Amino acid sequence: MGARTEGLSRSAFLILFALAEQPRHGLAIIDSIAASTKGRVKIGPGTLYGTLQKLLADGLIKEASAAPDPDDDDPRRRYYTLTPKAKRELKSEAARLRVLVDAAIAQGILEA
Amino acid sequence: MAAEPVGRRVVRRLARLAAYVYPQETRIGDFGDVAAHLWDRERASASAFRATLATLKILLADTIKGSFMVWMTRVVRFVGDGGRDVRLAARAVRRRPGFGLLVVLTLGLGIGASATAFDALDRTLLRPLPFHESDRLTYLALRERERGIWSSPWFETLERWRQSAKTLDQIEVFTQSSVVLHGASGAERLDSLSVSGGLLSMLRIVPVAGRLIQPGDAEAGAPPVVMIAEDTWRTRFGADPTLVGRTLSLGSAPQPTTVVGVLPAGAKIDTTLVPAFVTVRLRAREYPRGQFVSLLARMTPGATRESVETELRAITPTDEPGVGTAVPTALTPGELYLGDTFSRGVWLVFAGAIALLTIAIVNAGHLLLGRAAARRHELGVRLALGGSGLRLARLFLAEAFVYIAASVALGIGIMVGLERLIQSYEPRLFMTMDGAGLEGRAIWFILAIAAIATLACAAVPLFQSRAQDLRSVIDAGDAVRSTAKGSPAMRALVMTQAAIAVLLLCGSGVMVRSFSNLMNVDIGMALDRLVEVGATAPGPRYSTSEERGAYLAQVGAALKTIPTVTGVTTSTQPLLSTVRSSAPWLDGEAKPAEPGDSPVGLATVPVNYFDVTGIRLVEGRLFQPEDTADVAVVNAAFAASRGGHVIGRSLYTAARPEPWRIVGVVADVKNWGLAETAARHQVYFLQLRLNPGVFNRFVMRTTGNPSVVLNEARRRIADVDRMVPVMTTQTGEDVIRRQTSQHRFAAVLLSGLAALGFGLALSGVYGLIALNVSQRRRESGIRLALGATRHGVAATIVRSGVLLVAIGGVFGVIGAWLVLPYVEVLLFNVSPSDPWSVVISLMLAAGAAAAAAWIPARRASRIDPARTLRT
């Protein structure tokens with residue numbers, strides 16, 4: 001698909017990033033994103049589910065078979081986990097970002 | 001559980017609502033829960049109100065951005081898949097080239113014919129004048145009620161309208177004329193347009209060079225000026241910019257005339273004439289009374305053609321000279337130039353073409369339907385494998401699209417070809433066209449019918465595939481096929497086709513009968529081998545009456561020596577036409593009041609006129625060489641109006657006090673037009689020698705080819721004096737062709753459409769029966785096995801085909817009875833519900849349907865029952 005060469009969309013990257021640590025359900029993904037971006041990025045339900053659906057269709061995430069947190073007993077909750085393909089994507093996307101950050105530091109835009 | 005805070009409840013509800021903006025598969029979670037969760041997070045650091053606001057902000061941005069992205073992705077994907085479908089469909093079409101060709105041919109014919117008819121309609125009747133504020137321009141004319149033709153008012157009426165009409169800002173006039181251009185190589189007569197002073201500025205025409213003719217140029221004592229047409233300027237004067245301001249020698253009495261400007265080629269003021277020059281005339285003293293003058297007027301803002309008509313009728317006295325029984329009318333250019341009859345003909349042909357298009361679309365839909373039936377198994381499998389209805393629709397749409405795209409290409413080709421053909425045959429139809437081609441509204445028309453055809457062709461098989469539960473097809477397998485007895489949809493389509501085809505056949509039948517009646521009219525003279533050449537002795541070259549007489553005698557003598565010419569005579573009246581004059585009266589009658597209600601044709605002719613033209617003697621005698629110049633011959637209609645007793649009586653005219661003695665009665669000649677049914681009065685006066693003061697028309701009878709004689713006559717007249725231009729020339733055939741053109745045009749085009757429509761409808765019948773037969777193999781086999789004769793099986797099938805067409809045909813006849821009275825004005829001596837046309841159309845349709853059904857029926861009767869039953 002053509003979209004892959006363009007890199008991941010911002011929300012897709014953030015969701016994959018949130019799922020990298022452990023499988024999460026929708027609301028937990030929102031919290032994780034808010035935490036990792038220090039509250040700067042707040043995604044809404046449409047973006048969340050729209051992106052999840054797209055990531056599912058593209059084979060980057062899949063539904064986790066079992067809830068990682070046994071205390072969590074809400075049966076409506078669906079947990080998502082990364083596929084190996086997503087791990088590679090995330091890695092290359094992060095690498096791409098690092099190149100940008102390094103360049104920004106080299107040009108004095110960011111402090112090291 | 002504690003009651004949920006209001007703000008939290010609001011955002012939860014709103015988010016659930018917002019979820020419906022997204023496609024269904026996106027709603028994998030509860031939007032409300034997410035919104036409530038967001039609210040909780042905001043609430044942790046702010047008031048409930050602020051938390052609600054913040055959450056709403058997130059939701060709003062999310063909904064707008066998110067739903068837009070999701071839908072765009074879907075659209076892009078759908079279109080992308082659509083492209084794949086088109087490729088898929090194109091491949092499917094290529095796999096069955098014969099079938100595809102049939103569909104494309106059918107639709108291409110329909111699209112081509114209807115686009116041509118639309119283009120003709122648009123160019124002649126719909127399109128506004130190509131001038132400034134064209135919606136405020138209107139033509140004015142007098143409509144003669146009884147004959148449905150236009151005439152122009154006399155100058156006095158024009159002046160009255162100019163002064164009194166409040167709905168009109170300005171009335172300008174123009175008329176066709178000709179000028180004689182004197183150059184080094186001799187004199188040449190060129191077409192020109194005479195205009196009133198304000199016409200060109202009213203139309204806001206921008207001259208290519210120089211200036212327009214202006215009102216000042218029309219004032220008494222103004223120096224003679226002329227505008228040259230761009231084409232003439234380029235071809236004859238090499239676009240010489242210094243021509244403007246120079247003088248040319250123009251006119252039969254050569255007069256230095258200043259060229260003031262160049263008229264752009266696009267300014268088609270009179271759409272039936274491409275003039276070489278535009279001159280100023282049409283002041284009171286030059287305003288012609290017999291000739292047609294076009295009145296073009298600018299309406300005041302808010303005025304309509306209706307309000308103009310109402311006002312002009314109110315301010316025009318009915319006893320006004322030149323008006324008579326005619327009524328002032330505001331017209332479009334098409335109505336004026338083509339006339340009521342011709343306009344209706346154009347509409348009729350357009351309606352016929354739309355009928356043909358309908359048949360073509362129905363036929364294509366029918367063919368695709370047949371194919372869908374053959375593909376039921378495949379489609380059933382597709383549906384069973386999870387193909388959605390939408391997906392199936394797209395597949396049908398893509399297939400229809402492929403066919404239509406090819407058909408449109410073919411249709412455009414047909415249109416361009418047809419327009420070329422018609423243009424050479426009936427130039428008035430495409431008179432505003434610079435060569436055939438696609439332009440303007442015709443393109444939109446084609447796109448519109450292409451869209452309709454695509455939808456129709458896609459909808460028919462889709463509807464069909466939905467109606468029959470395709471999933472059952474798989475269970476039942478091929479067994480289902482044998483129960484189909486030609487689906488109701490297909491039978492309805494064939495009946496529709498038959499109805500339209502019979503309607504077209506009736507229309508064309510009536511037109512053809514009308515045209516043949518017209519061609520078989522007793523004209524009253526033997527026109528077919530006559531040639532007419534006009535000649536006059538121009539004033540300055542031949543100053544005395546003797547000189548002019550000698551010149552004309554020389555011309556007459558020169559014409560007599562042309563091989564194959566057996567006789568030469570003259571007349572002051574053109575062939576099969578008349579110059580209307582005030583009525584003469586007989587001894588014992590009062591002089592009729594002006595203007596006469598029934599105009600009389602007066603012609604001055606030499607002794608041999610009746611011999612050469614072949615006009616028959618009815619009573620008394622023709623002119624004899626020993627007659628003196630006071631004898632006259634009248635026509636039968638004139639004699640009948642006086643109870644048949646006219647011979648020996650004295651006839652008086654307003655022109656001279658001495659009477660004429662009537663010596664004979666001749667047959668009526670259709671001088672008022674072939675389609676004229678009322679016999680008009682005509683008087684012939686004996687002319688002893690050519691009248692040098694008037695325009696003389698030489699009429700020759702030939703045993704050879706009239707066109708060859710015409711060319712030879714031109715050469716011989718030029719031999720007498722190269723400096724005198726040859727005037728109007730025509731053959732008897734030209735006259736007939738001109739007078740029958742609108743009938744011929746409607747008959748030929750409508751017959752062509754009917755033949756095409758009929759052919760398409762027949763292929764529809766054939767297709768249906770053939771499909772039916774192949775689906776009913778089993779049934780036919782069983783019948784044969786049970787003892788039915790082969791003939792009986794075939795007859796059953798043929799009967800079903802004929803029955804369909806007959807039922808459709810009856811609807812077609814009803815349609816013809818409803819539609820054709822609207823075009824009665826086009827018909828000559830035939831009723832719009834002509835029983836012969838109806839009977840012949842129905843018999844033709846039924847017979848052809850039987851023939852079309854017979855081919856597959858014979859196939860069915862040859863089925864081997866044993867083999868059919870085993871499989």
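Biologist: Which residue in β22(B) is the bridge partner of Val568(B)?
Modeller: In this predicted model, β13(B) and strand β22 (residues 696-702) of chain B pair in the antiparallel sense over 6 bridges. Strands (E, at least two residues) and helices (H or I, at least four residues) are DSSP runs numbered from the N terminus, and two strands pair if DSSP finds at least two bridges between them. In β22(B), the bridge partner of Val568(B) is Met700(B).

Biologist: What kind of model is this?
Modeller: Residues are numbered from 1 along each chain as its sequence is written, while chains are lettered from A and ligands numbered from 1 in the order in which they are written. Side-chain values use heavy atoms, with hydrogens and water left out; local features need pLDDT of at least 70, side-chain atom pairs count only at pLDDT 80 or more, and totals for chains, interfaces and linings use all residues, since this is a predicted model.

Biologist: Why is one side of β13 and of β23 in chain B left without a neighbour in the sheet?
Modeller: The open sheet has 4 strands in the order β13-β22-β12-β23 (chain B), with antiparallel pairing. From one strand to the next the twist averages 20 degrees, taken between axes fitted to C-alpha atoms (for helices over the stretch in contact), with angles from 0 to 180 degrees between N-to-C directions. β13 and β23 (729-731) of chain B lack a neighbour on one side because each stands at an edge, with a single partner strand.

Biologist: At about what angle does α18(B) run to β12(B)?
Modeller: α15(B) lies across β12 (530-535), β13 and β22 of chain B, at about 15 degrees to β22(B). Helix α18 (residues 706-720) of chain B lies across β12, β13, β22 and β23 of chain B, and its angle to β12(B) is about 25 degrees.

Biologist: Which residue of β20(B) stands opposite Val631(B)?
Modeller: Strand β20 (residues 656-666) of chain B is joined by 3 bridges to the antiparallel strand β17 (residues 617-620) of chain B. Strand β19 (residues 650-653) of chain B also runs antiparallel to β20(B), over 3 bridges, and a hairpin of 2 residues joins β19(B) to β20(B). Strand β18 (residues 631-635) of chain B pairs with β20(B) in the parallel sense over 5 bridges. There, the residue opposite Val631(B) is Arg661(B).

Biologist: Which element gives the most residues to the side of chain A that touches chain B?
Modeller: 19 residues of chain A are in contact (heavy atoms within 4.5 Å) with 16 residues of chain B. Chain A and chain B bury about 1700 Å² between them, 64% of it on carbon and sulfur atoms; this is the accessible area (1.4 Å probe) that the two parts lose on being put together, summed over both. Lys42(A), Pro45(A) and Tyr49(A) lose the most area on the chain A side, together 32% of what that side buries. With 9 residues, the element that gives the most is α4(A).

Biologist: Which residue of chain B forms a salt bridge with Lys42(A)?
Modeller: A salt bridge is a side-chain nitrogen of Lys or Arg within 4 Å of a carboxyl oxygen of Asp or Glu, and chain A and chain B have 2 between them. In one with closest N and O atoms 3.2 Å apart, the partner of Lys42(A) is Glu42(B).

Biologist: How many residues apart in sequence are the parts that Asp40(B) and Arg8(B) tie together?
Modeller: Over all chains there are 25 salt bridges, one of them between Asp40(B) and Arg8(B), whose closest N and O atoms are 2.7 Å apart. Asp40(B) lies in helix α2 (residues 31-43) of chain B and Arg8(B) in helix α1 (residues 6-18) of chain B, so the separation of the parts tied together, in residues, is 32.

Biologist: What is the phi of Thr564(B), about?
Modeller: Most residues other than glycine have a negative phi. Arg204(B), in the loop between α6 (199-202) and β5 (209-210) of chain B, has a positive phi near 55 degrees. Thr564(B) is in the loop between α15 (545-560) and β13 (565-571) of chain B. Although Thr564(B) is not a glycine, its phi is positive, at about 70 degrees.
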